[in-house]
Amino acid sequence: MKKGMLIATVLIGTVLMLAGCRMEKGKKTEELSVGNQVMGVSVHDPSIVKADGKYYIFGSHMEAAVSEDLQSFKSIASGVNAANPLFDNLFAEPMEAFAFVGNYIEGGYAVWAPDVIYNPVMEKWVMYFSTSHDYRTSNICLATSDNVGGPYHYQETLLYSGYNLLNVEKTNFYEVLGEDASTKDYIVSGQYNNLNFPNCIDPTAFYDEDGRLWMVYGSWSGGIWLLELDQATGLPIHPEADKEKHIDTYYGYYLMGGLHNSCEGPYIMYDDAGGYYYLFVSYGGLTREGGYQIRQFRSKKVTGPYTDTEGNTFGYVTDHSAYGLKMMGNYRFPSLKTAYMAPGHCSAMRDEDGKFYLVYHQRFDSGSEYHEPRVHQMFINEDGWMVAAPFATAGESLEDARYQEISQIQGTYYCVNHGTDISSDIHDAAEMKIKKDGNVQFMDGRKGKCTLSRESNYVTLVIEGITYKGIVVDMQDEAGNAVRCIMAAGNNNESIWAVFYKE
């Protein structure tokens with residue numbers, strides 16, 4: 001979506017993409033698709049939820065779609081306008097969701113990054129979403145519905161950012177903090193202190209291990225923040241301030257980022273088996289050549305600290321590229337029609353069968369800003385890190401193959417190392433041979449060693465002194481080829497994908 005130095009154009013009554021990415025008139029989505037898998041829709045910042053056996057994704061610009069198989073989607077809502085069936089009162093006077101932010105800076109109204117969750121105490125589907133004026137002046141709002149697909153009824157604006165001395169009284173700042181509250185930390189030189197406090201966008205809600213409800217949010221500006229929510233109302237529970245622990249009464253618990261470093265689209269998922277909270281965020285600019293990518297952190301506590309594979313937390317730094325496990329960025333495999341670029345703003349879910357999925361939007365090296373939603377299965381490696389499959393899910397399962405001997409996986413692979421860069425560079429696949437004795441040889445001269453666990457699909461690659469731990473699984477690539485894939489996380493925050501094309 002959004003933000004930082006990058007601005008989205010939001011026009012009422014049109015099907016919107018971002019950064020100039022508009023569908024061509026008279027052409028169907030299938031004709032515009034440059035990926036190997038046609039999803040059928042174009043939904044930016046997709047957040048997923050499952051209901052009644054179907055998968056719903058909700059995205060920016062009031063886009064929503066539904067799927068029965070995670071492989072193709074059908075649109076159920078599109079366009080920022082009063083006729084969109086997703087809301088029943090968003091544009092009804094007095095248009096309270098836009099009362100503070102007004103129009104987006106480049107025109108129209110910005111309705112960004114919704115997240116939907118069922119609240120059994122309220123007995124409602126609850127949507128948290130953002131409205132915005134610019135990269136720091138935004139709201140987080142709440143809407144409810146009796147049905148997952150809507151219509152949603154705007155209820156209240158929860159959080160504000162971007163206020164100044166002239167308009168802070170138009171927010172709920174004093175209502176939350178008290179009439180005598182000081183603005184000195186929040187407003188510097190008459191303007192909102194966005195380097196240390198968040199842009200109030202990208203909310204996502206989740207339950208912790210004890211059944212408490214939380215909302216993680218934020219983008220660029222002052223980083224990523226966390227607030228507990230009252231399950232009876234869906235509203236924030238504002239904590240007692242503790243500057244030493246970086247807890248703010250209004251905005252909650254600071255988790256990472258700030259100083260306007262690129263970090264947005266936070267999503268937290270708890271896995272009770274390993275006891276980790278996994279925090280996914282996106283770095284870079286969202287455009288095709290903006291270096292957009294997905295990073296991963298984890299914590300044993302919902303409030304953090306969230307660390308990467310090197311044990312580091314992303315705090316106030318000048319260069320954040322080394323922080324966080326880079327799950328994917330720009331890449332190219334031989335079987336793809338074009339390079340895949342700028343994957344990001346993800347959500348995640350665990351299905352009833354125990355499979356984990358990563359859901360995000362994907363651009364392509366196509367000369368345009370066209371994007372499609374993607375759904376890739378994720379697996380947990382031997383060290384408890386999430387690794388994503390290289391290709392869109394097609395029903396693959398770890399039970400489909402149980403490799404115990406290196407001879408079973410020997411052969412020539414095409415290996416992509418995603419690195420830790422934040423750039424427009426495309427990471428091409430390099431030929432890599434796994435030999436019967438476990439030795440690894442790259443065409444460019446690099447060497448390594450491969451080992452397998454006899455009790456699972458765990459695989460370990462040691463390449464030039466870096467250890468990558470992952471999973472080997474059989475699946476199908478997006479051209480329909482049967483492939484064997486290795487996806488692994490390095491102890492240096494790099495991820496590698498290696499693909500063997502079967503005969």
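1. Let's start with asparagine 172, which sits in the loop between β8 (153–161) and α2 (173–177). Helices (H or I, at least four residues) and strands (E, at least two) are DSSP runs, numbered from the N terminus. This is a predicted model, where local features need pLDDT of at least 70 and side-chain atom pairs count only at pLDDT 80 or more, while totals for chains, interfaces and linings use all residues. Residues are numbered from 1 along each chain as its sequence is written, and side-chain values use heavy atoms, with hydrogens and water left out.

2. Is asparagine 172 buried or exposed? Asparagine 172 is buried, with a relative accessible area of 11% (buried means under 20%, exposed over 50%, partly exposed in between, with a 1.4 Å probe and protein chains only).

3. Now for its partners. The side chain of asparagine 172 makes a polar contact with the side chain of tyrosine 250, at 2.5 Å. A polar contact is a pair of N or O atoms within 3.5 Å; within protein, one must be able to donate a hydrogen and the other to accept it, and residues adjacent in sequence count only if both atoms are side-chain atoms. A polar atom of the asparagine 172 side chain also lies 2.9 Å from the backbone oxygen of leucine 158.

4. On to the largest nonpolar core, which has 57 residues. Such a core is a set of buried Ala, Val, Leu, Ile, Met, Phe, Trp, Tyr and Cys residues joined through side-chain atoms within 4.5 Å. Phe58, Leu90, Tyr152, Tyr163 and Tyr251 have the most contacts inside the largest core, and strand β6 (residues 124–132) gives the most to this core, with five residues. Apart from it lies another core, of 38 residues, with Tyr267 and Met269 among them.

5. Tyr267 and Met269 turn up again at the largest pocket: together with Ala348, Met349 and Arg350 they lie nearest its centre, out of 23 lining residues. A pocket, on a 1 Å grid over the protein atoms alone, is an open set of points where a 1.4 Å probe fits, with protein on both sides within 12 Å along at least five of seven lines; lining residues have an atom within 4 Å of a point. Strand β17 gives the most to this lining, with five residues.

6. The second largest pocket is lined by 20 residues, and Gly354, Phe379, Ile380, Leu398 and Ile471 are the closest to its centre. Here strand β24 (residues 371–380) gives the most, with four residues.
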